[in-house]
Amino acid sequence: MELKTYKTLWGHTGSLDDAIAACHTHGYCGIEGQSPANPADRREFKSKLLGAGLEYIAEICTAGSYVPDRSATMFKHLESFSRQAEMALECGPRFLTVIGGCDAWSRSQSIDFFGAASVVAAELGVIASFETHRSRSFFNPWTTRDILEELPSLKLTCDFSHWCVVCERLIDTEPEILTLCAARAHHIHARVGYDQGPQVPHPDAPLYREALTAHERWWSQIWESQQARGDATSTMTPEFGPDGYLQAHPFTGVPVADLAETNAWMAQRQRQRFKEAGFAEMPVFSQPAANKKVYV
């Protein structure tokens, strides 16, 4: 199995050319981020990535930004997903990673939304992977478990850092749910959260070593599940970001760490862990043809 890491555009302040150069410098296989809003910009975006030999993972936030419009209906979220998915396809994504739904919905509303979004993705011929994210339907382990049990083909983008702050603890307390999430994991967001926040100041800091070790344990469980499923590739995006996630000195506002350096450090560490654990050398066993299908 192969591990591919991607550079997030969240927090990237330079140009697309700068992001492409950073991919080559730090060994990223491609870029993850939202698609450009303008059709001409989307064509240029796709052309530049293809020219650089890089892949693209399209990020979608339904009915709002990372926090949804609280008044938006399930149908508004679905319309938002459909529209953005069609735009993203113009950029040739490997798959869609979706921040979708709303934390205030009932379980039945979330099930209806994810079921309908899955149908839309299947009709468009693209895989949709839904993120475990605060303010959204998958904001905690237990709601996520209940929805996954109703939708057995749904795929996850696992960002467990959100759950650490929501639950105010490292989530080793929920081993059955971690096992379920590993079985559904399509993509990993490699950020380290802790009991009081979704992002430690720096993952290499000794003060947060327990949190780093826990997240790496959960990511290894996903790799083991993907290997057992016969996946040829595992994808991961280090996603330490700005917007209050990155701590700053209280009187100067100076960030305590450099985001680009932190994400590059994380990518290199996880590539090394993947190799040392032997996943790169393990054979991939193909599933029987009758069992092969596209899951969305």
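Pro141, Trp142, Arg145 and Leu148 in helix 5 meet Ile177, Leu180 and Arg184 in helix 7, where contact means heavy atoms within 4.5 Å, and helices (H or I, at least four residues) and strands (E, at least two) are DSSP runs numbered from the N terminus. By class, this contact of helix 5 with helix 7 has five nonpolar, no polar and two charged residues; Ala, Val, Leu, Ile, Met, Phe, Trp, Tyr, Cys and Pro count as nonpolar, Asp, Glu, Lys and Arg as charged, and the others, Gly among them, as polar.

The model is predicted, so that local features need pLDDT of at least 70 and side-chain atom pairs count only at pLDDT 80 or more, while totals for chains, interfaces and linings use all residues. Residues are numbered from 1 along each chain as its sequence is written, and side-chain values use heavy atoms, with hydrogens and water left out.

Two packed helices are described by the angle between their axes and the distance between the axes. Here the axes are lines fitted to C-alpha atoms, for helices over the stretch in contact, and angles run from 0 to 180 degrees between N-to-C directions.

| Helix pair | Angle | Axis distance |
|---|---|---|
| Helix 5 (residues 141-150) and helix 7 (residues 175-184) | about 55 degrees | 10 Å |
| Helix 8 and helix 9 (residues 259-276) | roughly 50 degrees | within 12 Å |

The angle between helix 8 and helix 9 makes helix 8 oblique to helix 9, given that angles under 35 degrees count as roughly parallel, over 145 as roughly antiparallel, 65 to 115 as roughly perpendicular and the rest as oblique. The crossing of helix 8 and helix 9 is right-handed, whereas that of helix 5 and helix 7 is left-handed; a crossing is left-handed if the near helix is turned anticlockwise from the far one by less than a right angle, and right-handed if clockwise.

Helix 8 (residues 209-229) has 21 residues and reaches 30 Å from its first C-alpha to its last, close to the 30 Å expected at 1.5 Å a residue, the expected span being 1.5 Å times one less than the number of residues. After helix 8 comes Gly230, with a positive phi near 90 degrees.

Turning to the strands, eight of them close into a barrel in the order 1-2-3-4-5-6-7-8, with parallel pairing, where two strands pair if DSSP finds at least two bridges between them. Neighbouring strands of this sheet are turned by 30 degrees against each other on average, direction ignored. Strand 1 (residues 2-8) and strand 8 (residues 233-237) pair in the parallel sense over four bridges, and Thr5 has Met236 in strand 8 as its bridge partner.
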